[in-house]
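Reader: I'm new to this one, and I'd like to go through it slowly with you. Could you show it to me before we start?

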Amino acid sequence: MAKNLYDVKFSTNFDFGKLADKMTDILGEQNESIIDSLAQMTKRNITDGNLRGLSESTLIARRKGRTSFDGHRPSPTTETRPLLYTGRLLKSIKPVEDGIEMLDYGLEHNDGFKTPPWEIRVKIGSSVVGLGSSKKVFPRTFIAGEKELKRDKKQLEKVQDDLIAKMEMVMKK
C-alpha cells in the first residue's frame with residue numbers, strides 16, 4: 001500500500017449559504033440605492049438647465065405669470081430653465097419601491113405631448129370667427145435612466161462597491 005505524500009485540508013472563511021439566504025435583502029437594498037440615485041439625477045437634470053430651451057412666447061408668459069396648464073396659478077418669474085416655473089414638478093420627484101414618482105405632467109414633458117386646441121374669437125364685420133389648433137410640444141428628456149448611471153461613473157462605482165461590501169459582510173463566517 002502506498003503512503004500519502006500530502007495531507008490536504010480545505011477550509012473557508014466564508015459561507016455561500018448565508019449569502020444565498022440574504023441575497024434578496026441585499027439586492028432590495030441595492031435597488032433602493034439605485035432608485036434614490038436616479039431620483040436625484042432626475043432632479044439634477046432639471047436644475048442644471050441643460051434641456052431644450054423655452055420658446056419666446058413661454059418666456060413672456062412666465063414673466064406675466066401665465067400658464068396654459070389647468071390648476072397652475074404661478075407668479076410672474078424671470079426663471080428661464082424649463083420645468084422649473086412653479087417648482088411643483090421638482091418637489092414631486094421621489095424614489096419609491098418600484099421606481100420614481102412625480103406629478104403626471106412630468107411624464108408628458110419627458111415624452112412630449114400635444115396641447116389642447118385653443119380658441120380665439122375674432123370679430124370680422126358682423127361675423128365672429130373661431131381660430132385654433134393644437135401644438136406639438138417636443139420632449140424634454142429629463143428622467144434619469146441607465147444612460148445617466150453610466151455617465152455618472154462615481155455614483156455607479158459607489159453602488160457596485162456597496163454591493164460587494166454587503167455580500168462580503170454576509171458571507172463571512
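Author: Let me begin with a term that we will need: a residue counts as buried when its relative accessible area is under 20%, as exposed when that area is over 50%, and as partly exposed in between. Please also keep in mind that this is a predicted model.

Reader: What is the mean pLDDT of the protein chain, and which elements have the lowest and the highest mean?

Author: The protein chain has a mean pLDDT of 82, and 87% of its residues reach 70 or more. Among its elements, helix α3, residues 88–92, has the highest mean at 95, while strand β5, residues 127–131, has the lowest at 57.

Reader: How many helices and strands are there, and in what order do they run?

Author: There are six helices and six strands in the protein chain, and, starting from the N terminus, their order is α-α-α-β-β-α-β-β-β-β-α-α.

Reader: What share of the chain is buried?

Author: Of the 173 residues in the protein chain, 27% are buried. The accessible surface comes to about 12,900 Å², with 53% of it belonging to carbon and sulfur atoms.

Reader: Which residues make the nonpolar patch on that surface?

Author: Leu5, Tyr6, Val8 and Phe10 make a nonpolar surface patch of about 620 Å². Phe10 sits in the segment before α1, and with a relative accessible area of 78% it is exposed.

Reader: Changing topic, which residues of helix α4 are buried, and where do they lie around the helix?

Author: In helix α4, which covers residues 104–111, the buried residues are Tyr105, Gly106, His109 and Asn110. Viewed down the axis of α4, they fall within an arc of 145°, so they line one face of the helix.

Reader: What do they pack against, and what follows the helix?

Author: The buried residues of α4 pack against α3 and against β3, residues 113–114. After α4 comes Gly112, whose phi is positive, near 90°.

Reader: How many salt bridges are there?

Author: The count comes to four salt bridges. One of them joins Glu29 and Lys166, whose closest N and O atoms are 3.3 Å apart. This pair links distant parts of the chain, with Glu29 in helix α1 and Lys166 in helix α6, 137 residues apart.

Reader: Which residue does Arg81 pair with?

Author: Arg81 forms a salt bridge with Glu79, and their closest N and O atoms are 2.8 Å apart. At 31% relative accessibility, Arg81 counts as partly exposed.

Reader: Going back to helix α1, how far apart are Asp21 and Val170?

Author: In sequence they are 149 residues apart, whereas in space the distance is 9.3 Å, C-alpha to C-alpha. Asp21, which lies in helix α1, is exposed, with a relative accessible area of 65%.

Key:
Residues are numbered from 1 along each chain as its sequence is written. This is a predicted model: local features need pLDDT of at least 70, side-chain atom pairs count only at pLDDT 80 or more; totals for chains, interfaces and linings use all residues. Side-chain values use heavy atoms; hydrogens and water are left out. pLDDT is the predictor's confidence in each residue, from 0 to 100. Helices (H or I, at least four residues) and strands (E, at least two) are DSSP runs, numbered from the N terminus. Buried means under 20% relative accessible area, exposed over 50%, partly exposed in between (1.4 Å probe, protein chains only). Accessible areas come from the Shrake-Rupley method with a 1.4 Å probe; for residues, only the protein chains shown count as cover. Patches are made of residues with over 30% relative accessible area and no salt bridge: like charges are joined within 9 Å, nonpolar side chains (Val, Leu, Ile, Met, Phe, Trp, Tyr) within 5 Å. A salt bridge is a side-chain nitrogen of Lys or Arg within 4 Å of a carboxyl oxygen of Asp or Glu. The arc is that of the directions from the helix axis to the C-beta atoms. Contact means heavy atoms within 4.5 Å.
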